[in-house]
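Thank you for making time for this today. I would like to walk through one structure with you slowly, beginning with a word that we will need along the way.

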Amino acid sequence: MKKSKTAVKSQPLGKKKDTRGIKYFLWILPFLILVFLFSYFPLHGWIYSFYDYRPPRSLADCEFVGLQWFKMLFTNKTQVSQLIQVMKNTFVMRLLGIATSILPVGFAIFLNEIKCKWFKTFVQTFTTLPNFISWVLVYSVAFSLFSSTGMINSLLENLGIITEPIKFLDSDSHTYLWMLLWNIWKGLGWGAIMYLASIAGIDQEQYEAAEIDGCTNFKFLYIIGVPLIKPSLGALIIYVFLQSWNYYLWPLLVTDSVNMRTVQIGLGMLQGAEATDFRPVMAGAMVILIPSILVFIIGQKQMISGLTAGAVKG
């Protein structure tokens, strides 16, 4: 009898099925649907680049032409030169942005050294706020201030300082500089937040050991802190490149000459004179997407490690 009781007690009880995974999936399902509708569903427009589409006929009634429109892009010398020019402009602007991506690191170190809590919060909030301002609003404010008929030129003319409007936005000179300064203004505080999180995740024992060795705070962050936040730095660089590659409205404002246009604005050069021809435009959109895909594939591991740095596994 004792053996039978022991046998009964030793039988494993049925475990309750864990449904947390299903719950988590249901929570993110609405966001996945939104991402699909606004990010992936519009990509079906690429199909037009393989057909001789002529509105208002349906796509099923149009002839399949394969790579005809892609060949047209690279056989037309004018379009090839324009494509090379806009790609060069975009790459230069993006490389300048990557070169200045170290600025948020220095700014994060500066914020970390501020001991006054209210002042640190004020500076962090004040510098992060521009990131949440839409480029549409930035466009409107900048145009109202710096256009030929804007407030700055009107004020200078009324004071008699100038006789003709200064072309702050219409001039080709210093276009790269304008783009760089406005991007720094908009992204400096936001980039610093990611680095602040990485700096806060540094083990306190390392601070204490460095202090015993006579290491100053700045030297500690330079020798120990910066190498530890390298994953975050790489993630931010890739994020900035992918995001800024798709800028349209702001480059449209600060670039007046055709020779200074970026890739997104350059797509407009493929449109017809009287109406939009979707066939070459879609073919061009697929071509200019190649650098973004390559950057994401190459830096995907670095980006994921940077975004999850300091995270705690539940």
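Before we look at any side chain, let me settle our terms: a residue is called buried when its relative accessible area is under 20%, exposed when that area is over 50%, and partly exposed in between. Please also keep in mind that what you see is a predicted model.

With those terms in hand, we can take a tyrosine as our example. Tyr 48 has a relative accessibility of 22%, so it counts as partly exposed, whereas Tyr 53, at 15%, is buried. These two residues form an aromatic pair of the edge-to-face kind, with 4.7 Å from centre to centre and 75° between the planes.

Another pair of this kind is made by Trp 118 and Phe 119, which are also edge-to-face, at 6.0 Å centre to centre and with 80° between the planes. Trp 118 is exposed, because its relative accessible area is 64%, while Phe 119, at 35%, counts as partly exposed. In total, the count comes to eight aromatic pairs.

Let me now step back to the chain as a whole. It has 16 helices and zero strands, and of its 314 residues, 31% count as buried. The chain exposes about 20,900 Å², and carbon and sulfur atoms supply 67% of that area. If we consider the contacts in the chain with a separation of 6 or more, residues 24 or more positions apart account for 66% of them.

How do two of these helices, α4 and α12, pack? Two packed helices are described by the angle between their axes and the distance between the axes. For helix α4, residues 77-99, and helix α12, residues 230-245, the angle is about 145° and the axes are 10 Å apart. Their crossing is right-handed. On the α4 side the contact is made by Met 87, Thr 90, Phe 91, Arg 94 and Ile 98, and on the α12 side by Ile 237, Phe 241, Ser 244 and Trp 245.

I would next like to set two individual residues side by side. Phe 64 sits in the loop between α2, residues 20-40, and α3, residues 68-75, and at 52% relative accessibility it counts as exposed. Once we leave aside its neighbours within four places in sequence, Phe 64 is in contact with Phe 50 and Tyr 51.

Leaving aside its neighbours within four places in sequence, Asn 153 is in contact with Leu 145, Phe 146, Ser 147, Ser 148, Ile 162, Pro 165, Ile 166 and Phe 168.

Finally, a word about the cysteines. A disulfide is a covalent bond between the sulfur atoms of two cysteines. How many disulfides does the structure hold? The number is zero. As for individual cysteines, Cys 62 counts as buried because its relative accessibility is 7%, whereas Cys 116, at 33%, counts as partly exposed.

Conventions
Residues numbered from 1 in each chain as written. Predicted model: local features only at pLDDT ≥ 70, side-chain atom pairs only at ≥ 80, totals over all residues. Heavy atoms only, no water. Disulfide = S-S within 2.5 Å. Buried < 20%, exposed > 50% of the residue type's maximum accessible area, 1.4 Å probe, protein only. Helix = DSSP H or I, 4+ residues; strand = E, 2+ residues; numbered from the N terminus. Contact = heavy atoms within 4.5 Å. Areas by Shrake-Rupley, 256 points an atom, 1.4 Å probe, with all protein chains shown as cover. Phe/Tyr/Trp six-rings, centres within 6.5 Å; stacked < 30°, edge-to-face > 60°. Axes fitted to C-alpha atoms, helices over the stretch in contact; angles between N-to-C directions. Left-handed = near helix turned anticlockwise from the far one by under 90°.
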